[in-house]
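Work through these exercises with the sequence and the 3D view side by side. Try each task before reading its solution.

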Amino acid sequence: MMTTFDRYSQLRKNGEIRLMPGIKLDKKHSDYYEIYRSGFTRLDILSNKYYGSPGYWWLILLANPEHGSMEFEIPNNSEIRIPYPLDETLNEYTTKINNHNNLY
């Protein structure tokens, strides 16, 4: 069974969770793309398809900032990027959060 990554672990300080900084995930040649169909496509299902777990929907959302910060804001028929592979994407996320924390 795959364990879910705690995306807030680097944001906890003194028992509180700090605001998530605006980070952008870099494009990679290994990324996948899907056409988003309103009412049919769900990011948790895409997460399960590409990562083997529905819990990484937020990575897909982070990879597509042009569509807003909520799944329902993604326009119908938009091409969305699925950052891949998962381990490289999680490492990039962790590095960028840690760099932000070191600056602020």
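**Exercise 1.** Are K28 and D31 buried or exposed?

Solution. Keep in mind that this model is predicted.
- Start with the cut-off: buried means under 20% relative accessible area.
- D31 has 7% relative accessibility, so D31 counts as buried.
- K28 is buried as well.

**Exercise 2.** With which residue does K28 form a salt bridge, and with which does R81?

Solution. Apply the distance rule: a side-chain nitrogen of Lys or Arg must lie within 4 Å of a carboxyl oxygen of Asp or Glu.
- K28 pairs with D31, with the closest N and O atoms 3.5 Å apart.
- R81 also pairs with D31, and here the closest N and O atoms are 2.7 Å apart.
- Now place the second pair.
- Check the cover on R81. Its relative accessibility is 3%, so R81 counts as buried.

**Exercise 3.** Which parts of the chain does the salt bridge between K96 and D26 link?

Solution. 
- Take the contact: the side chains of K96 and D26 meet at 3.2 Å, N to O.
- Locate the ends. K96 belongs to helix α3 (residues 86–103), while D26 belongs to the loop between β2 (16–17) and β3 (32–36). The two are 70 residues apart.
- Classify K96: at 23% relative accessibility, K96 is partly exposed.
- Classify D26: at 43%, D26 is partly exposed too.
- Salt bridges with shared partners join D26, E92 and K96 into one network.
- Finish with the total: the model has 6 salt bridges.

**Exercise 4.** Which residues form a nonpolar patch on the surface?

Solution. 
- The patch consists of Y8, I17 and M20, with about 250 Å² of accessible area together.
- M20 is in the loop between β2 and β3.
- M20 has 33% relative accessibility, so M20 counts as partly exposed.

**Exercise 5.** Where is a cis peptide bond, and what is the phi of N77?

Solution. Most peptide bonds are trans, and most residues other than glycine have a negative phi.
- The cis bond joins Y84 and P85, with omega about 5 degrees.
- P85 lies in the loop between β4 and α3.
- N77 has a positive phi, near 65 degrees, and is not glycine.
- N77 is in the loop between α2 (57–62) and β4.
- At a relative accessible area of 46%, N77 is partly exposed.

Definitions and conventions:
Residues are numbered from 1 along each chain as its sequence is written. This is a predicted model: local features need pLDDT of at least 70, side-chain atom pairs count only at pLDDT 80 or more; totals for chains, interfaces and linings use all residues. Side-chain values use heavy atoms; hydrogens and water are left out. Helices (H or I, at least four residues) and strands (E, at least two) are DSSP runs, numbered from the N terminus. Buried means under 20% relative accessible area, exposed over 50%, partly exposed in between (1.4 Å probe, protein chains only). Patches are made of residues with over 30% relative accessible area and no salt bridge: like charges are joined within 9 Å, nonpolar side chains (Val, Leu, Ile, Met, Phe, Trp, Tyr) within 5 Å. Accessible areas come from the Shrake-Rupley method with a 1.4 Å probe; for residues, only the protein chains shown count as cover.
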